[in-house]
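I opened my notebook beside the viewer and jotted down what I looked up, step by step.

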Amino acid sequence: MTGDPAPQARPTPTAVPELAAGWYVALPSTALAKPRALDLFGRELVAWRDGAGRAVVMPRYCPHLSASLALGKVVDGHLRCRFHHWRFDGSGTCTRVPGARRIPETAHRRTYPVIERYGFVWAWYGGDEPMYPLPDFPALESQRDRYATYRFSHTTPASPRRVLENAFDFSHFTTLHGVKSARSLDLTMLTDPAAAAENGPPIDAEVWAGARLASRELQLPRALTALGIEGKSFALLVDGWTGGQRLTFFLDGKVVAKELLGITPVSRGRTVFQGWSLVRRSGRVWRDAPTYLAYRAQHLLGTREDLMIYRHAQETHSGVPVKNDHGVLKFRKLYQTWVERAQRAEHDGTART
Amino acid sequence: MTPHTTAADAHVPAGLNLPASWYVAFPAGQLAKRPRALKLFGEPLVAWRDGTGRPVVMPRHCPHMGASLADGTVVDGNLRCPFHHWRFDRSGTCVDLPGTARIPSKARLRPYPTVERYGYVWAWYGSEEPLFPLPEMPSLDEDRPGHRRFRLADSTGATVRRILENTYDPDHLVALHGLQVAGPCGLRMLTDQQQTRDHGPPIDPEAWLGAELTWPGYTGKLGAVTRLLGTNADEFVLRVDGWPAGQRISYWADGVPQYRLLLATTPIAPNRTIQHITAAVLTTGRRWRDLRHYLANRLEITFASHQDLPVFNTMEPGDRHGIYLERDRGVLRFRKHYQQWVDRVADHA
């Protein structure tokens, strides 16, 4: 009675405000074996694999008497609720209600469009039909042997938009991350998706935003030069969509690393950003190993600096924009149009909550 | 209705969806001489025993400066606040206020009506005076021969309604509990308390609801085990009757009573409810047969209630409606009855 024996009230996710329509990382592929509860888009969902191994993401609670389908079992390729053994197929259709001749019309669930790629299950937010295809990232597929790769995953209270707009905020590279350059960094917003060909095939132009950040007289930190890493000019090519980004880092015109970044909007005030880093291999181990470690350390330190800002930042719409913010402002404008598209599409298909 | 005087009970918290009813506040053994803090009905409360040992359950914080009365002391049968030594009697009235000639009329806390019975302290929720007396179940009285008793208490992440409606849901026995039975389960709503008179004296007719669930003998693994134990039968009957927040249940094999149990609830906060079971397994005087039956029934009751827990703990929060099939009419009938008593909760706002 004094000690509190009851389980803590379960934290229920709250709707993510201002979420753009798009492809998002639902969860890593390896995390999905048995059916599991998933908080995503501020909603309580369940993820499972059908008979063919295809990932399914749909609302968590059985429409009958509200048991969690995450307790269910996949039987003959269909998800069976533990409570009364109702079954749902990979399209969310209720296929069996024990003892009932007719399956109620309202028993069907609507599933989220899902694609499994790059070691992640990606889910579409914003209506029933994806408005663009999931962007390609050949470096993780056909060109994978050129890189040493690792996965990363970080959790932050920042909104998905803040995490994405960071790449277009070139002035924070010098101030927060301490990048030193004799001449100031230049950010050029790109106008043609084909200009980001090094990242991969063009992304649907309506959702695409891309930029090139360049420094001609970069001063590398001594930790890097000591490892024999040299370079005078540095460039970062970033492009992406509303739920992720592709990045390529150049030193003296040569590709040194790439990154695929995917956003997981868990709940209001809870976002996971995760993906892959790829460090270019030369084939010479004595050179590749320190480069890989140096890149990885640099990446982690930089991410920690961003996370610290995210942790305490207030979400702003306009803030006080200055000239250097032109990249961020352009991205926000594009993002907002996709927030509106999501709102319209979710309004039209309200049954799936 | 006396106006409320403390912030703690100034409103019925939203989201609990509780009917006016009797609830288990806590097992009686948990309250000795010292006052104790508890959370119940979503409110911070204090429980203590007065000079005659009778339990009192009332808002925890002193109306004076908000100190926790759970840190207080019982002096001359009254609860004394640790902060300025204000004293409250079992009716919640402030009876002593050091250094003040006149006690302000607002220095008053409203206790919940309580009854101590069957090893629990029960509290009434929903109105100042109980709308019906605590239902009786004589087979649970400690001095009643012919029974062997045991008790279960399980914390759940579900609402009171979801825990109690489960008894009116025969289908989940087959699906969730994996009962392999020789034929379909049946459910019949009871219309007359004569049909459950072995549970105890009649319950207030407006608060009463009852049903009879039947299923043929067990098959499969359970059938083999129960045959071995001599507890299988051709027909099993479960009769349930009760009030909106508690149930009396009896279980019969081929017309012979096996056990009776009381199912009651402790609503701590929204989606945090303790499920209490006290079971009395019937004895015949044949020692080995009785022991075998007691153990078999105890195992079955414990096992089955523990199969329900993961479902309760992960269910959709709240009491949203579902899809009702013809076979869910028991659940639907129970929900209707329950909500009628939610509507009878006095509006304190």
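**Entry 1: chain A overall.** I began with the secondary structure of chain A and counted five helices and 19 strands. This is a predicted model, so I kept that in mind throughout. Next I checked the radius of gyration: chain A comes out at 23 Å, close to the 20 Å that the globule rule gives for 353 residues, so chain A is as compact as a globular protein of that length. Along the principal axes, the C-alpha atoms of chain A fill a box of roughly 75 × 55 × 45 Å.

**Entry 2: burial and contacts in chain A.** I looked up how much of chain A is covered, and buried residues make up 53% of its 353 residues.

**Entry 3: the cores.** Which residues have the most contacts inside the largest nonpolar core? I found W122(A) and W241(A), in a core of 86 residues. I then listed the partners of W241(A), leaving aside neighbours within four places in sequence: among them are W23(A), W122(A), Y132(A), P135(A), I203(A), R246(A) and L261(A). A second, separate core has 72 residues, including W124(B), A233(B), L263(B) and V281(B).

**Entry 4: the annotated span in chain B.** I turned to the UniProt record, an unreviewed entry, which lists residues 22-123 of chain B as "domain: Rieske". In the model, the end C-alpha atoms of that span lie 6 Å apart. The span is 0% helix and 41% strand.

**Entry 5: strand 3 of chain B.** Is strand 3 (residues 43-49) of chain B largely enclosed or open? Six of its seven residues are buried, so strand 3 is largely enclosed by the rest of the structure. I then went through its two partners.

- Strand 2 (residues 36-40) of chain B pairs with strand 3 in the antiparallel sense over five bridges, and R36(B) stands opposite A47(B). Their hairpin has two residues between the strands, and F41(B) takes a positive phi near 55° there.
- Strand 4 (residues 55-59) of chain B also pairs with strand 3 in the antiparallel sense, over five bridges, and V46(B) stands opposite M58(B). This hairpin has five residues between the strands, and G53(B) takes a positive phi near 90° in it.

Methods. Residues numbered from 1 in each chain as written. Chains lettered and ligands numbered in written order. Predicted model: local features only at pLDDT ≥ 70, side-chain atom pairs only at ≥ 80, totals over all residues. Heavy atoms only, no water. UniProt positions renumbered as here; feature names shortened; annotations may be inferred. Helix = DSSP H or I, 4+ residues; strand = E, 2+ residues; numbered from the N terminus. Core = buried A, V, L, I, M, F, W, Y, C linked by side-chain atoms within 4.5 Å. Buried < 20%, exposed > 50% of the residue type's maximum accessible area, 1.4 Å probe, protein only. Contact = heavy atoms within 4.5 Å. Rg over C-alpha atoms; globule rule 2.2 N^0.38 Å. Pairing = 2+ DSSP bridges.
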